[in-house]
Amino acid sequence: MDKFTNSAWFMRIVAFALAALLFISINFEMESDKKSLGLSTAPEISTETIENVPVEVYYDRENLVVSGVPETVDVTLKGAKSLLINAKNQRDFKVYVDLSDPAISMGDRTVTFKISELNEKLVATIDPEYAEVNVQERVTKEFSVEAEYNSSLLEEGYTAGQPTVSPKTVKITGAKDAIEQISYVKANLEISKGLNETVNGKATVKALDRDLNKLDVTIEPSSVAVSLEVSIPSKTVSIAPKQTGKAKDGIRITSISVEPKEVTLFGSETSLEKIDEINLPVNISKIDGDTELELDLNKPESVQKMSLGKAQVKIRTEKVDVDEENAEPVVEEEEPETEQKQEEPVVEEEAEEEEDKPAAIESKTFNNIQIVPVGIQDDQDAELESDVTSITLLGEADDLKKITKDDINLTVDVSNLDEGTHDVDLAVTVPEGVDWELDSKTISVTITQKDEET
């Protein structure tokens, strides 16, 4: 036994056993320490989906337009739970589509989404995985803007001229295919029902195709100022006093006059054409002598409004015997002067004075008279600030009644104008014997060169 224990092999076996025990003991203690500190040799694996992650698109924005890329995607991450929580809270990674290659061709293509700046220990899955995009040449072109409004919202009897736009043109940028589809560029003026006054407002500009579908383009400026002049046709007619009732015994009505003698009516042109005077009933049954009355004017149903609602009436009388009351009363506005001379010698001098007076000058206003440009060059376009205006004619009542819109011609000569904006005199042609007045005798005309189409 002593011999065995003293041998070299015995010592070697004992040393190996002690070394093995020591190794096992040390590893056991290290594992215990890790567990007590919350550490684990195998981390917990989990997944987390992050929704609505923005997508960035890299491409040549000066020369290209890219469509079809969704604004956001959903990203599912897989990895250690502690890393997932940090990634979800920080969102410090990016999802992108790379179309920055200068040699990229135009048209439709399929592109995959990529992710960057994500912890390398996490695995990402993107939903959707790819997108169908369209790459087009970026084009900018200038278009004229046409303003529009809902004319049915105008109050009855009112009319509106052509709406004016400022600026008159806008620059539209988009894909070449989209620009080529533009058929209309419109600015719709929002107005309220019962519109009865001129409107100045802002209107958003829209680019539409031939089917009035809105196109996905960028418009600069995106809104324009729109002015819509609203007016109502008018007509000046005489006020005709009409005697009603019977005068008292011993009283004769020698004259009935009214002041003012005219009133201006406002309404639709169709309604005004049918009215030549406003009757003013004057009841003489209670008149005892010379009297002045203020009477209400009755507004015709077809008229929207009148310039005044009352008129002053002067009644002149004389006392007579009952047997002399056969003479007819004199109404200045109705009775011919010859009859007044025969039956009323009392007012003969006044009648003679009226006969010497010149005929009263009246006025008649016509709205929405078309202005026609003449002398336009073949290679030019002429745009008027407004293609309609109002004109007031001055003359005798009988002459004015015969005149219609067709008798009035307004033209502007653009034959010698260069490119640009000019103030040009209006040429007016009206029937003989009447004068005319315009709010402005000139109009702004913009001359542009026509685009040469190849």
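## A guided look at this predicted model

Searching the whole structure turns up one aromatic pair. Rings of Phe, Tyr and Trp (its six-membered ring) count as a pair if their centres lie within 6.5 Å; planes under 30 degrees apart are called stacked, over 60 edge-to-face, and the rest tilted. Here the partners are Tyr-58 and Tyr-96, a tilted pair with 5.4 Å centre to centre and 35° between the planes. Tyr-58 belongs to strand S1 (residues 45-58) and Tyr-96 to strand S4 (residues 94-98), so the pair ties together parts that are 38 residues apart in sequence.

Residues are numbered from 1 along each chain as its sequence is written, and side-chain values use heavy atoms, with hydrogens and water left out. Helices (H or I, at least four residues) and strands (E, at least two) are DSSP runs, numbered from the N terminus.

How covered are individual residues? Buried means under 20% relative accessible area, exposed over 50%, and partly exposed in between (1.4 Å probe, protein chains only).

| Residue | Relative accessible area | Class |
|---|---|---|
| Tyr-58 | 31% | partly exposed |
| Tyr-96 | 17% | buried |
| Leu-21 | 57% | exposed |
| Ile-239 | 2% | buried |

Leu-21 is part of helix H2 (residues 8-36). Together with Val-14 and Leu-18, Leu-21 forms a nonpolar surface patch of about 280 Å² accessible area. Such areas come from the Shrake-Rupley method with a 1.4 Å probe, and for residues only the protein chains shown count as cover. Patch members have over 30% relative accessible area and no salt bridge; like charges are joined within 9 Å, and nonpolar side chains (Val, Leu, Ile, Met, Phe, Trp, Tyr) within 5 Å. A salt bridge is a side-chain nitrogen of Lys or Arg within 4 Å of a carboxyl oxygen of Asp or Glu.

Ile-239 sits in strand S18 (residues 234-244). The C-alpha atoms of Ile-239 and Ala-311 are 8.7 Å apart, although 72 residues separate them along the chain.

Now for a sheet. Five strands make an open sheet with mixed pairing, in the order S9-S13-S14-S16-S11. Strands S9 (146-148) and S11 (164-166) are the edges, each pairing on one side only. Two strands pair if DSSP finds at least two bridges between them. Strand S14 (residues 199-208) and strand S16 (residues 223-228) pair in the antiparallel sense over six bridges. Asn-200 has Ser-227 as its bridge partner in S16.

Notes: Predicted model: local features only at pLDDT ≥ 70, side-chain atom pairs only at ≥ 80, totals over all residues.
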